[in-house]
Amino acid sequence: MTGAQQECPPLPPGVPRRPGTSPAAPPPGRFARAFELFTTKAAFPYQAAVVRIGFGLTWTGFLLREWPNRRVLYGDRSPWSDELAARLLAENHAFTVLSWYHGRLWFELVYHLAIVAAVLFTLGWRTRASGVLFLVTVLSLQNRAVFAGDGGDNVIHLMAVYLVFTRCARVWSLDARRARDGGAVWLWALLGLVLLLGPTGLTSSAGPAGPVGLLWVPWAVAGLWWAVNRSLPGSEWRDVPDALANMLHNCAMAVIAGQVVLIYSTAGWYKVQGSRWQDGTALHYPLHLDYFTPWPGLSGVLGAGLLPVFLLSYGTVITQVAFPFTLANRRVKNVLLAVMMAEHAGIAVTLGLPFFSLAMIAADAVFLPTSALLRVGRGARALGHRWRREP
């Protein structure tokens, strides 16, 4: 009898063992399985894709709608002048490329680059590069005039940061159609040249240090990723950056979900403390303000009745406070999620805040069930095939 056979534990009575074999290894524990999934699989790819598409469309729509007013909001005609912006940036150390140069030409370049980056990010084209450009342009425009938003800009601001760390182009993207979610060498080299010649360059007086120099980090990571894939195909070293990307993705998706929960929980509990929300009259006031009445007739009907205002006010508070506690129950969570999305759609129509509502709906999408998203995807593909077949 061999040493391996001597070390085998005894089998239960009546169970024979083939000569020369050893017992099977025990199945991995729960922690080992969870860690394996955490490092080998990018969780919730469809939710990540919907969040990417939602925020890309929201930012694209906002920039296109405000295109005639772009110079007043963020440019040379803004009441928030370059001097005021420079003073605020010196205090809060916020990032914006609009402070690198002054003048209309540079502003127009950044604004239209923001539109292009948002469209490419929505489509999922070279998502690693377009995602970083999306983040840079969002931060640049919003930090130039921090008082020009309506609340939805804060959500876009945060999600643009988080989405950079996700693998949000694994499905429903142009990168997925090409079976890759990376970039191109020519694009990587072009962006490196822009960084080198700009204020982030090694030849600049400030050097690569500071918040601006952080733009070199994603550029260097993308180059390292390409070098490993090109020089070590099939090697175990190829699995290391892939595992790191999966872990970053999973952590970022958890942060996005936590951010949504934090938004609703804080909003709900602050409303509970307000006297107008306590007596159920809070929605009466915005429904009678000209700024928030794009449809005066509809606002007048809703604001004239005490019961509708009371029910909407209390329903808003109850929904926002209860949502974090429903995440443990899938069915209740899905029902409440649909209610919140319908509520945001109502805010878009009745209060005239479409991009705030779109931003919140896009953030809520992180909790949508995968089965529902797959049905929507199949329906969209069937509709596309039918449309192409029609003459």
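The side chain of Thr60 reaches the backbone oxygen of Gly56 at 2.7 Å. The model is predicted. It holds seven salt bridges.

**Thr60**
- Thr60 sits in helix H3, which spans residues 45-65.
- Its relative accessible area is 11%, so Thr60 is buried.
- Not counting residues up to four places away in sequence, Thr60 touches Ala118, Val119 and Thr122.

**Tyr74**
- Tyr74 is placed in the loop between helix H4 (70-73) and helix H5 (82-92).
- Tyr74 counts as buried, because its relative accessibility is 4%.
- Leaving aside neighbours within four places in sequence, Tyr74 is in contact with several residues, including Phe62, Leu98, Phe107 and Tyr111.
- Leu141, Gln142, Arg144, Ala145 and Ala148 are also among the contacts of Tyr74.
- From C-alpha to C-alpha, Tyr74 and Val146 are 9.4 Å apart in space, and 72 residues apart in sequence.

- Side chains of opposite charge can pair when their charged atoms come close.
- Asp82 and Arg144 meet through their side chains in a salt bridge, at 3.0 Å from N to O. Asp82 lies in helix H5 and Arg144 in helix H7 (residues 127-144), so the pair ties together parts 62 residues apart in sequence.
- Asp82 is partly exposed, with a relative accessible area of 30%, whereas Arg144 counts as buried at 5%.
- Asp242 forms a salt bridge with Arg167, and the closest N and O atoms are 2.9 Å apart. Asp242 belongs to helix H12 (residues 236-273), while Arg167 is in the loop between helix H8 (152-163) and helix H9 (174-177), so this pair ties together parts 75 residues apart in sequence.
- Asp242 is partly exposed at 21% relative accessible area, and Arg167 counts as buried at 9% relative accessibility.
- Glu66 forms a salt bridge with Arg65, with 2.6 Å between the closest N and O atoms.
- Glu66 counts as buried at 10% relative accessibility, whereas Arg65 counts as partly exposed at 44%.
- A network of salt bridges links Arg70, Arg104 and Glu108.

**Surface patch**
- Leu307, Phe310, Leu311, Tyr314 and Ile318 form a nonpolar patch on the surface.
- Together, these residues have about 490 Å² of accessible area.
- Leu311 is found in helix H15 (residues 306-322).
- Leu311 is exposed, because its relative accessible area is 52% and the cut-off for exposed is over 50%.

Methods
Residues numbered from 1 in each chain as written. Predicted model: local features only at pLDDT ≥ 70, side-chain atom pairs only at ≥ 80, totals over all residues. Heavy atoms only, no water. Patch = residues over 30% accessible without salt bridge, like charges linked within 9 Å, V, L, I, M, F, W, Y side chains within 5 Å. Areas by Shrake-Rupley, 256 points an atom, 1.4 Å probe, with all protein chains shown as cover. Salt bridge = Lys/Arg side-chain N within 4 Å of Asp/Glu carboxyl O. Helix = DSSP H or I, 4+ residues; strand = E, 2+ residues; numbered from the N terminus. Buried < 20%, exposed > 50% of the residue type's maximum accessible area, 1.4 Å probe, protein only. Polar contact = N/O pair within 3.5 Å; in protein donor to acceptor, adjacent residues only side chain to side chain. Contact = heavy atoms within 4.5 Å.
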